[in-house]
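Thank you all for coming. Please take a moment to look at the chain on the screen, and then I will walk you through its helices one after another.

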Amino acid sequence: MPTPSPFSPPVSVAAKRAARGGGHGVLWLRGGLALLAGYAVAAAWAAALARLLPGAAADTALVATMLSFVVYTGAAIWSFAARSSARAAFGLLIAGALGLTIAWLLRGGAA
């Protein structure tokens, strides 16, 4: 039996499972957050950016859609990088609400 390293104290299997936070369920939850909430955040910001950017409507919609891919990637990274699933969900909720608020405040009449 190898001796434990002085830099890593021995940890039982139960302690390792507890440190992971529940195993695969958390991974599925964060994956669902990345997929569904990330899509909602990206769609909200695409709508907001289409109204914020200057130019013709078709051009701003195209640029906003391309930028929403960056937002979607950032949302997916955030859902896995946050300390907890609750913090990931709360951060995505705030980001989506901010995008929707900007889009709603800048809504215009039908052209």
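At what angle do H2 and H4 pack, and how far apart are their axes? Before I answer, please keep in mind that what we are looking at is a predicted model. In this model, H2 and H4 pack at an angle of about 15°, and their axes are 8 Å apart. Because angles under 35 degrees count as roughly parallel, H2 is roughly parallel to H4. The crossing in which H2 passes H4 is left-handed.

Let me step back for the overall picture. Of its 111 residues, 22% count as buried. If we take the contacts between residues at least 6 apart in sequence, 70% of them join residues at least 24 apart.

Now to H2 itself, which covers residues 24-52. With 29 residues at 1.5 Å a residue, H2 should span 42 Å, and since its end C-alpha atoms are 40 Å apart, the two values agree. Along the way, H2 bends by about 30° at Ala37. Ala37 is also among the H2 residues that meet H4, together with others including Leu33, Val41 and Trp45, while the H4 side of this contact includes Leu92, Gly96 and Gly99.

Which residues of H2 are buried? They include Arg30, Leu33, Gly38, Val41, Ala42, Trp45, Ala46 and Leu49, and the buried residues of H2 pack against helix H3, residues 57-81, and helix H4, residues 85-105.

That brings us to H3, which has 25 residues and reaches 35 Å from its first C-alpha to its last, close to the 36 Å expected at 1.5 Å a residue. Its buried residues are Thr60, Ala64, Ser68, Ala75 and Ser79, and what covers the buried residues of H3 includes H2 and H4.

Is Ser68 buried or exposed? Its relative accessibility is 11%, and because buried means under 20%, Ser68 counts as buried. Leaving aside residues up to four places away in sequence, Ser68 touches Ala42 and Ala46, both of which are on the list of buried residues in H2. Ser68 and Val41 are 27 residues apart in sequence, and their C-alpha atoms are 8.6 Å apart in space.

Conventions. Residues are numbered from 1 along each chain as its sequence is written. This is a predicted model: local features need pLDDT of at least 70, side-chain atom pairs count only at pLDDT 80 or more; totals for chains, interfaces and linings use all residues. Side-chain values use heavy atoms; hydrogens and water are left out. Helices (H or I, at least four residues) and strands (E, at least two) are DSSP runs, numbered from the N terminus. The expected span of a helix is 1.5 Å times one less than its number of residues. The bend at a residue is the angle between axes fitted to the seven residues ending there and the seven starting there. Buried means under 20% relative accessible area, exposed over 50%, partly exposed in between (1.4 Å probe, protein chains only). Contact means heavy atoms within 4.5 Å. Axes are lines fitted to C-alpha atoms, for helices over the stretch in contact, and angles run from 0 to 180 degrees between N-to-C directions. Angles under 35 degrees count as roughly parallel, over 145 as roughly antiparallel, 65 to 115 as roughly perpendicular and the rest as oblique. A crossing is left-handed if the near helix is turned anticlockwise from the far one by less than a right angle, and right-handed if clockwise.
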